[in-house]
Amino acid sequence: MTLPNSILLAEVNRMLQEGHPVVIMTKGNSMLPFIRGDKDNVELVRNGNPAVDDLALCEIAPGHYVLHRIIGIVDGDVTLKGDGNLQGTEHCRLENVCGTVTNIIRPNGKRIAVNTAKFLRRSHLWAKVPYIVKRYGLAIYRRIA
């Protein structure tokens, strides 16, 4: 059964607010190379203190949700960017951060904890990759994956 994101993710948000962990299937390529849309699941929990580098589900406009990395927080304004997005950012208020990712779950069931030193090192290294390398690397990855 497929539900529109506005309905499904609103319910996910409600469950997170009640303190329940939630596992959802991801869609899209905005979090490549770490999260593969339509293949990987993510486990979300309510996080009362989201921080820079967290992977977060946020409501950026009424009924419009994204799962992206927090790249900045200033005076309650949160800036988000997908790891697979070469340009562009999204913004929301701190109170619109629904939950944060604790694990990426691969199709074979392997769980990848996103708060480990190894995962954070890889994320920081990816952030420093030059634009042109990311552009062509992501294009090749999308075609072969």
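Reader: Where is P33 found in this structure?

Author: P33 is found in the loop between β1 and β2. Keep in mind that this is a predicted model. The peptide bond that joins L32 and P33 is cis, with omega about 5°.

Reader: Which other residue in the loop between β1 and β2 has a phi angle to look at?

Author: Take D38, which also has its place in the loop between β1 and β2. Phi of D38 is near 65°, a positive value in a residue other than glycine. D38 is exposed, its relative accessible area being 55%. A further case is D75, with phi near 50°, again positive in a residue other than glycine. D75 lies in the loop between β4 and β5 (77-81), and its relative accessible area of 70% makes D75 exposed.

Reader: How many salt bridges are there, and why do such pairs form?

Author: Side chains of opposite charge can pair when their charged atoms come close. The count here is 8 salt bridges. One of them links R106 to D40, with the closest N and O atoms 2.4 Å apart. R106 lies in the loop between β7 (97-105) and β8 (111-113), while D40 sits in the loop between β1 (22-25) and β2 (41-45), so the pair ties together parts that are 66 residues apart in sequence.

Reader: Is D40 buried or exposed?

Author: D40 is at 0% relative accessibility and therefore counts as buried. R106 is buried as well. D40 also forms a salt bridge with R36, where the closest N and O atoms are 2.9 Å apart. R36 is partly exposed, at a relative accessible area of 22%.

Reader: Which residue in the loop between β7 and β8 can be compared with D40 for distance?

Author: G109 is found in that loop, between β7 and β8. G109 and D40 are 69 residues apart in sequence, and their C-alpha atoms are 9.4 Å apart in space. G109 is partly exposed, with 43% relative accessible area.

Reader: What is the salt bridge partner of E95?

Author: E95 pairs with R93, the closest N and O atoms being 3.7 Å apart. E95 is exposed at 57% relative accessible area, whereas R93, at 33%, counts as partly exposed. Elsewhere, salt bridges that share partners join E11, R14 and E18 into one network.

Reader: How do I read the two sides of a helix?

Author: An α-helix has 3.6 residues a turn, so residues three or four places apart point the same way. In α2 the buried residues are F119, S123 and W126. Seen down the axis of α2, they fall within an arc of 65°, so they line one face of the helix. The exposed residues on the other side of α2 are A117, K118, R121, L125 and K128.

Reader: What do the buried residues of α2 pack against?

Author: They pack against β3 (55-61), β4 (64-74), β7, β8 and α3 (131-144).

Reader: What span should helix α2 have?

Author: Helix α2 (residues 117-128) has 12 residues, which at 1.5 Å a residue should span 16 Å. Its end C-alpha atoms are 17 Å apart, which agrees.

Reader: What is the volume of the largest pocket, and which residues are closest to its centre?

Author: The volume of the largest pocket is about 440 Å³. Of the 21 residues that line this pocket, N5, L9, M25, T26 and K27 are the closest to its centre. The elements that give two or more residues to the lining are α1 (5-17), β1 and β4. The largest share of the lining, 4 residues, comes from β4.

Notes:
Residues are numbered from 1 along each chain as its sequence is written. This is a predicted model: local features need pLDDT of at least 70, side-chain atom pairs count only at pLDDT 80 or more; totals for chains, interfaces and linings use all residues. Side-chain values use heavy atoms; hydrogens and water are left out. A salt bridge is a side-chain nitrogen of Lys or Arg within 4 Å of a carboxyl oxygen of Asp or Glu. Buried means under 20% relative accessible area, exposed over 50%, partly exposed in between (1.4 Å probe, protein chains only). The expected span of a helix is 1.5 Å times one less than its number of residues. The arc is that of the directions from the helix axis to the C-beta atoms. Contact means heavy atoms within 4.5 Å. On a 1 Å grid over the protein atoms alone, a cavity is a set of points where a 1.4 Å probe fits but cannot get out, and a pocket is an open set with protein on both sides within 12 Å along at least five of seven lines; lining residues have an atom within 4 Å of a point. Grid points are joined across faces, edges and corners, and a volume is the space filled by probe spheres set on the points.
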